[in-house]
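The report below takes them one at a time.

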Amino acid sequence: MSSIEFREVSVRYRRREAVRSFTFGVRAGGWLGLIGPNGAGKSSILRACAGIVPFTGDVVIDGTSLQLRSRQRRAALVAYVPQSPVLPYDMTGFEYVLLGRAPYVAYFGTESRFDRARVSETLEQLDLAAFSGR
């Protein structure tokens, strides 16, 4: 588990400010729930953390700014799954979760037996193994 801090994070979409100076921290093992009406900036905060949208301020994981981390390390620390993802029609739940192992697979490589075991363990822990083939 990692700690995460948002320090004065602001997100703009052209002239529209979606998030202004969001500051909050969660210790390792803690939980953060973002609750609010549509358009309040919840997804924008998550997208900023994942590096999907530009932002000002800082996002710090385990005491180090994400801006100082490589893209590969950032991908290993932060995953973003949109509420309505666009998936190939034949992709299974197992394969979708396996995408989370991508930062650990060599360029032009393929997932290892270890990667597949980690996905199976995770699906079991989350009581989602029954959905892995769907």
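## An exposed aspartate

D127 counts as exposed because its relative accessibility is 66%. The cut-off for exposed is over 50%. This comes from a predicted model.

D127 sits in the segment after α4, the helix that spans 113-125. Its backbone stands out too. Phi of D127 is positive, about 55°, although the residue is not a glycine.

## An aspartate in a loop

D62 also has a positive phi without being a glycine. The value is near 50°. Where does D62 lie? It is found in the loop between β3 (56-61) and β4 (64-65).

D62 counts as partly exposed, because its relative accessibility is 40%. That class runs between the buried limit of 20% and the exposed limit of 50%.

## A buried aspartate

D58 belongs to strand β3. D58 is buried, yet it has no salt bridge. Which side chain of opposite charge is nearest to D58? It is R7, at 4.5 Å.

D58 does have a polar partner. Its side chain and that of S65 are joined by a polar contact of 2.6 Å.

## The surroundings of D58

Leave out residues up to four places away in sequence, and D58 touches E5, F6, R7, V9, S65, L66 and Q67.

Note on methods: Residues are numbered from 1 along each chain as its sequence is written. This is a predicted model: local features need pLDDT of at least 70, side-chain atom pairs count only at pLDDT 80 or more; totals for chains, interfaces and linings use all residues. Side-chain values use heavy atoms; hydrogens and water are left out. Helices (H or I, at least four residues) and strands (E, at least two) are DSSP runs, numbered from the N terminus. Buried means under 20% relative accessible area, exposed over 50%, partly exposed in between (1.4 Å probe, protein chains only). Lys and Arg count as positive and Asp and Glu as negative; His and the chain ends are not counted. A salt bridge is a side-chain nitrogen of Lys or Arg within 4 Å of a carboxyl oxygen of Asp or Glu. A polar contact is a pair of N or O atoms within 3.5 Å; within protein, one must be able to donate a hydrogen and the other to accept it, and residues adjacent in sequence count only if both atoms are side-chain atoms. Contact means heavy atoms within 4.5 Å.
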